[in-house]
Amino acid sequence: MTTRRENHEGSMSTATPTRVPHSGVPTGHTPAEDRVGAGLFDPGQLLRSLPDAFRKLDPRVMVKSPVMFVVLVGSVLTTAFSFTDPGDWFGWAISAWLWLTVIFANLAEAVAEGRGKAQADTLRKAKTDTVARRLLAGGAEERVPGTRLTIGDLVVCEAGDVIPGDGDVVEGVASVDESAITGESAPVIRESGGDRSAVTGGTKVLSDRIVIRITTKPGETFIDRMINLVEGAARQKTPNEIALNILLASLTIAFLLACATLPPFADYAGTRLTMVVLVALLVCLIPTTIGALLSAIGIAGMDRLVQRNVLAMSGRAVEAAGDVSTLLLDKTGTITLGNRQAAEFVPVRGTTEAEVADAAQLSSLADETPEGRSVVVLAKEAYGLRERHQGELVGAEWIGFTAQTRMSGVDVGERKIRKGAAGSVIAWVRERGGTVAEDADGIAHRISEAGGTPLLVAVQDGKGARVLGVIHLKDVVKEGMRERFDELRRMGIKTVMITGDNPLTAKAIAEEAGVDDFLAEATPEDKMALIKREQAGGKLVAMTGDGTNDAPALAQADVGVAMNTGTSAAKEAGNMVDLDSNPTKLIEIVEIGKQLLITRGALTTFSIANDVAKYFAIIPALFAAVYPGLDKLNIMQLSSPDSAILSAVIFNALIIIALVPLALRGVRYRPLSADRMLRRNLGIYGLGGLIAPFIGIKIIDLLISLIPGIG
Amino acid sequence: MSPVLAGVLQLLALMGALALAYVPLGTYMARVYSSDKHLRVERWIYKGIGANPDTEMRWTAYLRGVLAFSAAGVLFLYLLQRMQGGLPGSLGFSSIEPAQAFDTAASFVTNTNWQSYAGEQAMGHAVQTAGLAVQNFVSAAVGIAVAVALVRGFARSRTGELGNFWADLVRGTVRVLVPIAAVAAVVLVACGALQNFSGIHEVGQFMGGSQQWNGGAVASQEAIKELGTNGGGYFNANSAHPFENPTPFTNLFEFFLILVIPLALTRAFGVMVGSVKQGYAILATMVTIWVGFVALLMWTEFAHHGPALQAAGGAMEGKETRFGVGASALFGVSTTLTSTGAVDSFHSSFTGLGGGITMLGMMLGEIAPGGVGSGLYGMLIMAIIAVFIAGLMVGRTPEYLGKKIGSREIKLAACYILVTPALVLIFTAASMALPTPPHSMLNSGAHGFSEVLYAFTSASNNNGSAFAGLNANTDWYNTTTGLAMLLGRFVPMVFVLALAGSLAGQRPVPATAGTLRTEKPLFTGLLVGAILIITGLTYFPALALGPLAEGLA
């Protein structure tokens with residue numbers, strides 16, 4: 001009898017938890033929340049960011065945002081004009097509010113940046129200048145500052161040392177505290193060779209001694225890049241942001257034309273427009289709301305990823321995440337729990353389930369692998385067998401699971417019980433002259449076909465050696481995955497499960513989890529081919545990976561999320577790194593990418609829709625004196641022309657501050673189809689944008705008219 | 001029958017006829033521009049002009065073809081007018097002065113047909129038929145060709161090739177415009193329109209005195225004038241003249257000709273991009289705006305108060321009694337929402353708000369349904385802008401018909417929508433600011449301003465209708481409107497063709513449930529809103545000082 005997965009025990013042995021002690025599957029808990037005051041908007045931040053907002057008034061900075069630059073120029077012009085007529089309160093009031101408009105925009109950006117600063121400070125602490133112990137050719141050591149290391153240097157780190165730079169372990173194994181980067185206090189194992197060799201500068205060796213080959217220049221290390229990213233220093237405008245900026249600039253030009261050509265028209269009509277009212281009209285019409293918040297939205301989007309412990313190496317990747325239409329998900333750890341679990345005990349003919357359960361439990365007590373523990377748990381939960389402790393059985397000799405024997409068990413006197421891989425157990429029974437029940441093979445085959453892994457349970461006692469039954473080990477699909485995949489499908493995203501399992505097993509799990517497609521017996525080349533095929537069809541592909549052999553695929557994918565536990569090759573190749581090493585997070589990354597775009601679109605729509613009301617406020621105020629009929633457009637019944645214009649300008653400034661929390665938090669994202677999402681967002685931000693300023697301007701006008709001497 | 005009911009019935013009859021023609025004509029045009037066969041007469045033409053119709057052109061080559069052909073057209077037409085005095089069949093009219101000759105040449109080559117002359121007092125048979133009528137055909141064919149190139153940009157992928165300009169130009173003329181115009185001319189002749197080469201007649205007037213009029217190939221020019229959304233009348237009174245537009249039936253038939261190609265092109269677009277539903281969505285957007293404008297204009301013209309107006313059943317000043325208020329409103333909207341510019345009533349005499357509606361129709365960029373070809377490409381540019389904003393709102397990089405709308409596409413679309421507002425506003429402002437140009441106004445106050453605003457709106461958008469009142473035959477207006485027409489026609493075409501090239505080079509993005517559905521009514525609604533807000537609002541201050549100030553008084 002054979003099973004299709006000869007080496008399943010092999011995978012059991014390497015399933016050693018990465019974190020020591022084992023802390024279970026990483027959950028939705030994001031340690032970043034403890035470090036940064038994440039998520040909610042704190043009004044105090046506005047005050048704290050005020051100095052930065054003033055610093056940003058530098059025209060060389062402002063010119064990067066064409067819309068706000070126009071407002072800045074307008075503020076200077078109106079202020080200068082007010083000096084020529086210092087007795088005119090209106091000119092001063094408009095100037096003041098125009099300056100406030102600019103400051104509010106800068107404030108939004110400063111607040112967004114401020115949230116990253118706290119985290120950057122934490123990271124800087126980790127980057128204290130370390131002294132490295134560089135290995136010389138003869139085996140001697142010299143002490144050099146960490147900043148003087150070059151690529152290829154070998155350095156030694158022992159317990160208590162801070163690792164001086166990014167590199168790969170080339171010798172030894174050690175537990176490393178990476179909390180400075182990941183925020184996760186449980187140490188991780190780093191060892192030479194294999195997929196756990198990468199170490200990051202600034203992390204601390206807790207035990208043992210390792211030799212590290214430095215792979216990154218000082219100043220370009222992971223931690224340096226992280227600091228740049230969270231501070232926004234490395235921020236470059238993303239493609240959609242550039243396109244949106246162009247559209248906003250063109251709208252600004254259009255309104256600039258509309259306002260600049262107005263004076264001759266007004267002169268002809270018999271009224272003179274002052275510089276102050278022209279600038280006020282212009283500022284109200286150009287899309288200042290989105291212009292002011294655009295960069296804050298981008299920074300906050302990156303920040304939301306950082307709060308979830310994901311580092312995006314470029315903003316482009318975050319945007320691409322929103323466009324992804326195919327997700328490649330590794331089966332293990334993403335779709336299923338990391339380990340297979342015992343699901344049932346199947347007796348062979350002539351045995352009872354209870355007997356199998358009893359023997360399986362006893363033989364698994366010495367098996368510390370997750371699979372072994374799951375057998376004990378199943379025996380207790382399904383068959384009421386109390387978990388016995390190894391000390392309870394006097395004279396018992398416990399045989400632990402090893403990768404060589406691929407079996408575990410116990411010998412109590414003459415009674416020997418074993419459980420393990422089919423091949424090993426059959427060999428064990430045959431060696432002892434026992435027989436293998438005829439139906440055992442059929443049962444094992446059925447389990448394999450259903451996507452499970454069979455383990456045989458055998459016993460040798462007075463009646464000789466024989467197989468008692470089969471343990472059905474099953475991949476357990478994580479809770480809620482099916483719903484998650486349904487959501488993704490509604491969003492138009494196809495999910496493909498990647499697994500090393502055979503097609504039969506893969507199909508069974510794919511069906512159970514509800515993914516759209518699967519790639520079985522996947523090699524790195526298969527993965528690469530799949531990505532290229534999807535991309536050739538115009539689709540954007542996202543994937544996660546951690547091994548060196550994932551690196552080419554990670555680089556090819558449009559969004560490649562490398563696990564922080566992975567190799568440095570993988571981390572280099574991907575365009576994001578998940579510090580929690582939780583592959584399920586890919587789904588959240590896609591949502592954050594979409595949310596970023598939605599927030600920009602929603603505020604643009606809002607900003608443009610606002611113009612309608614502003615026209616109804618300002619046009620009658622400017623011209624009703626010469627063409628009384630135009631007063632019919634004053635549908636808000638604003639109290640006076642000056643008050644109408646001022647109210648529109650004030651509304652225009654205040655709406656920026658009012659929307660800062662939304663810009664930072666992002667528009668609420670729900671996994672809906674494009675149609676429903678558009679209807680919803682058009683309703684809220686399009687219609688809302690039409691109506692809100694009518695109400696807002698009216699209220700401000702009422703308040704202004706209460707000021708004596710103005711109304 | 002009440003005038004309102006008559007208007008509504010004519011609207012329904014028109015829509016019924018257009019609906020019948022939509023599918024066959026649209027599908028036929030898609031086939032014309034996709035086929036690889038050449039008719040014998042087309043081969044002769046290709047041989048004559050030395051073009052190879054089978055080479056594919058990139059956008060730059062296509063653009064060179066458009067510009068070279070149009071430049072040759074302007075030059076030829078200019079020289080023809082300048083030499084009129086020495087040409088046979090000039091009816092004794094002298095050569096046209098340089099400024100007016102330039103203005104008229106620019107006007108007919110750009111499919112604008114702005115006329116600062118009165119046809120029956122300035123242009124003889126030679127210029128009318130060999131110059132103006134020819135441009136009526138080919139300028140329309142150029143417009144359709146550019147639209148087809150843009151549609152190919154959507155339909156093709158991973159190539160920069162947009163088809164062959166000469167083939168598109170010749171086919172549009174030979175297979176689409178000439179046959180339909182020929183049938184239409186026969187219909188017009190049958191209904192009483194003029195078609196001869198007779199000289200000048202002097203006839204006695206009913207009220208005493210005498211009047212001179214001449215014959216000409218009127219019906220044939222009238223047919224293509226409407227069909228190619230040209231609008232340049234043989235006579236000064238344009239389609240209000242009984243020789244051009246003899247009966248209420250021909251009046252209805254003329255709107256049909258104006259609207260049939262621009263509307264059916266949406267079908268050709270749908271067929272060529274492989275989804276007729278996308279064509280319906282664009283059609284629905286055009287029809288929504290058009291019907292809305294018709295309803296508004298009928299309302300302003302019927303609901304106007306005052307005893308004289310009520311006695312007449314509406315605001316009759318400047319309107320032909322043969323057609324009445326309803327048909328005049330239909331014509332006014334159809335001519336300004338397309339780039340036609342033919343008129344059967346005087347827009348200056350519409351109510352203040354009514355005049356504003358005709359202006360706003362042009363200001364929206366003449367895209368509902370717009371000029372032949374130019375309406376479709378203008379609407380597709382607006383669709384790109386709307387898709388960009390809405391696409392962001394569904395959380396994806398915006399895409400339209402499987403093509404991503406990135407920064408290059410947005411840059412080109414944004415440049416496109418800036419051109420005409422810039423021309424209209426800058427030329428109007430200059431005219432108002434300079435000392436002499438305002439003297440051309442007939443009226444003072446808001447209405448006088450409307451005359452100037454209307455002139456540049458009409459020229460820059462290649463409409464060609466005049467508000468009436470403004471004396472546009474001055475060096476200033478001839479030169480500036482000529483420039484406005486040329487820039488308003490060809491600068492946007494540069495952006496359209498560049499955009500087409502950029503789209504054709506892209507790899508298509510497959511549609512998923514996460515893709516914005518641009519064939520749904522929701523998108524049509526969004527597009528209408530985007531057009532009204534984005535283009536309409538730019539002109540709001542100017543409109544407020546003209547038609548709104550007058551209409552709300």
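The legends below describe close-up views of a predicted model. Residues are numbered from 1 along each chain as its sequence is written, and chains are lettered from A in the order in which they are written. Local features need pLDDT of at least 70 and side-chain atom pairs count only at pLDDT 80 or more, while side-chain values use heavy atoms, leaving out hydrogens and water.

**View 1. Nonpolar surface patch of chain A.** L687(A), I691(A), I695(A), I699(A), L703(A) and L706(A) make a nonpolar patch of about 620 Å² (residues with over 30% relative accessible area and no salt bridge, nonpolar side chains being joined within 5 Å; areas by the Shrake-Rupley method with a 1.4 Å probe; a salt bridge being a side-chain nitrogen of Lys or Arg within 4 Å of a carboxyl oxygen of Asp or Glu). Of these residues, I691(A) lies in helix α27, residues 674-706 (a DSSP run of H or I, at least four residues), and counts as partly exposed because its relative accessibility is 48% (buried is under 20%, exposed over 50%, partly exposed in between).

View 2. Among 24 aromatic pairs over all chains (ring centres within 6.5 Å; planes under 30 degrees apart stacked, over 60 edge-to-face, the rest tilted), Y268(A) and F449(B) form a tilted one, at 6.4 Å centre to centre with 35 degrees between the planes. Y268(A) is partly exposed at 27% relative accessibility, whereas F449(B), with a relative accessible area of 1%, is buried.

**View 3. A ring cluster.** Y615(A), F616(A), F694(A) and F540(B) are linked into a cluster by ring pairs.

Terms used
Patch = residues over 30% accessible without salt bridge, like charges linked within 9 Å, V, L, I, M, F, W, Y side chains within 5 Å. Helix = DSSP H or I, 4+ residues; strand = E, 2+ residues; numbered from the N terminus. Buried < 20%, exposed > 50% of the residue type's maximum accessible area, 1.4 Å probe, protein only. Phe/Tyr/Trp six-rings, centres within 6.5 Å; stacked < 30°, edge-to-face > 60°.
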